[in-house]
Every structure is written in structure tokens, then in C-alpha cells.
Amino acid sequence: AMLEMATRENDKLIMSMIQAFRMQLYALFGRWEEGANYAIAVGDSLADQIPCSTMVAIDPFFRGLTLFAMARKTKQHKYRRHAKKAHKTIRSFVKKGNPNVRHLE
């Protein structure tokens, strides 16, 4: 119901939060392939949609987790390339002084 409402009303906040939670669930339940493909499909769109959210700092970690798992499992370059981009995002947050992501690097 919430997804339908967000889609109908084009609510970017709810859609981006659903996107972030979906990414976390893929990682937490070990659905690496689905999570990695979803991470490639959505990319950094969460940061573009709601840059002030705390999820922006956490999302690259879960994207990177699923992407690194699939890169290790399949040895495919497409997963490794996107995983490195997610890691680079986290490193940039650390470099800029965000204390909430130091442990994610």
C-alpha cells in the first residue's frame, strides 16, 4: 500500500527510503546477486533524491557489500567496478570528516 501510494503521488522521500531498506534487506539476507543487480540499477540515486538523509551515508556500504560479494563469487568486472565506486563514496565521506562512516571504510 505504501509503495503504491508513493508511486502514485511521486513521493521521492518514501521511494528513496524503500530503495535503501530494500538494499539493506538484500545484504542482510545474503541475496547477493539480486542485491548487486539492484545496486547497479539504482546507483547513487538515493544521494541525488534526498541528500540530507542519514541513509545516504549507509547506502553505499550495503551496495558495496553486495557488489563485492558478487565480484568475489563471479569474478565479473562489472560488479567490481561498481563496488569500488561505492567504496570511493565512503572514503570521500571519511575524508570530509563524517564521523558516522569511519567504521564502514
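## Exercise 1: The span of helix 5

Solution. Helices here are DSSP runs (H or I, at least four residues), numbered from the N terminus.

Before going on, two notes on the model. It is a predicted one, in which local features need pLDDT of at least 70 and side-chain atom pairs count only at pLDDT 80 or more, while totals for chains, interfaces and linings use all residues. Residues are numbered from 1 along each chain as its sequence is written, and side-chain values use heavy atoms, with hydrogens and water left out.

## Exercise 2: The buried side of helix 5

Task: find which residues of helix 5 are buried, and what they pack against.

Solution. Step one is the cut-off: buried means under 20% relative accessible area, exposed over 50%, and partly exposed in between (1.4 Å probe, protein chains only). In helix 5, the buried residues are Met-55, Val-56, Ala-57, Asp-59, Pro-60, Phe-62, Arg-63, Gly-64, Thr-66, Leu-67, Met-70 and Ala-71.

Step two is to look at the partners. The buried residues of helix 5 pack against helix 2 (12-28), helix 3 (32-42), helix 4 (45-49) and helix 6; contact means heavy atoms within 4.5 Å.

Step three picks out one residue. Asp-59 lies in helix 5 and counts as buried because its relative accessibility is 5%. Apart from neighbours within four places in sequence, Asp-59 touches Ala-20, Met-23, Gly-43 and Leu-46.

## Exercise 3: Helix 5 against helix 6

Task: work out how helix 5 and helix 6 are oriented to each other, and which residues make their contact.

Solution. Begin with the axes, which are lines fitted to C-alpha atoms, for helices over the stretch in contact, with angles running from 0 to 180 degrees between N-to-C directions. Those of helix 5 (residues 55-74) and helix 6 (residues 77-95) come within 8 Å and cross at roughly 150°. The two helices are therefore roughly antiparallel. The cut-offs are under 35 degrees for roughly parallel, over 145 for roughly antiparallel, 65 to 115 for roughly perpendicular, and oblique for the rest.

The crossing of helix 5 and helix 6 is left-handed, meaning that the near helix is turned anticlockwise from the far one by less than a right angle (clockwise would be right-handed). Among the residues in this contact are Val-56, Phe-61, Leu-67 and Thr-74 of helix 5, and Tyr-79, His-82, Ile-90 and Phe-93 of helix 6. By class, the contact has 13 nonpolar, five polar and three charged residues. Here Ala, Val, Leu, Ile, Met, Phe, Trp, Tyr, Cys and Pro count as nonpolar, Asp, Glu, Lys and Arg as charged, and the others, Gly among them, as polar.

## Exercise 4: Helix 2 and its two partners

Task: describe how helix 2 crosses helix 5 and how helix 2 packs with helix 3.

Solution. Take helix 5 first. The axes of helix 2 and helix 5 come within 9 Å and cross at roughly 35°, and the crossing is left-handed. Helix 2 contributes residues including Met-17, Phe-21 and Leu-28, which meet residues of helix 5 including Met-55, Ile-58 and Phe-62. This contact divides into 11 nonpolar, two polar and two charged residues.

Now helix 3. Helix 2 and helix 3 pack at an angle of about 150°, with axes 8 Å apart. That makes helix 2 roughly antiparallel to helix 3. Helix 2 passes helix 3 in a left-handed crossing. The contact includes Gln-19 and Tyr-26 of helix 2, and Trp-32 and Tyr-38 of helix 3.
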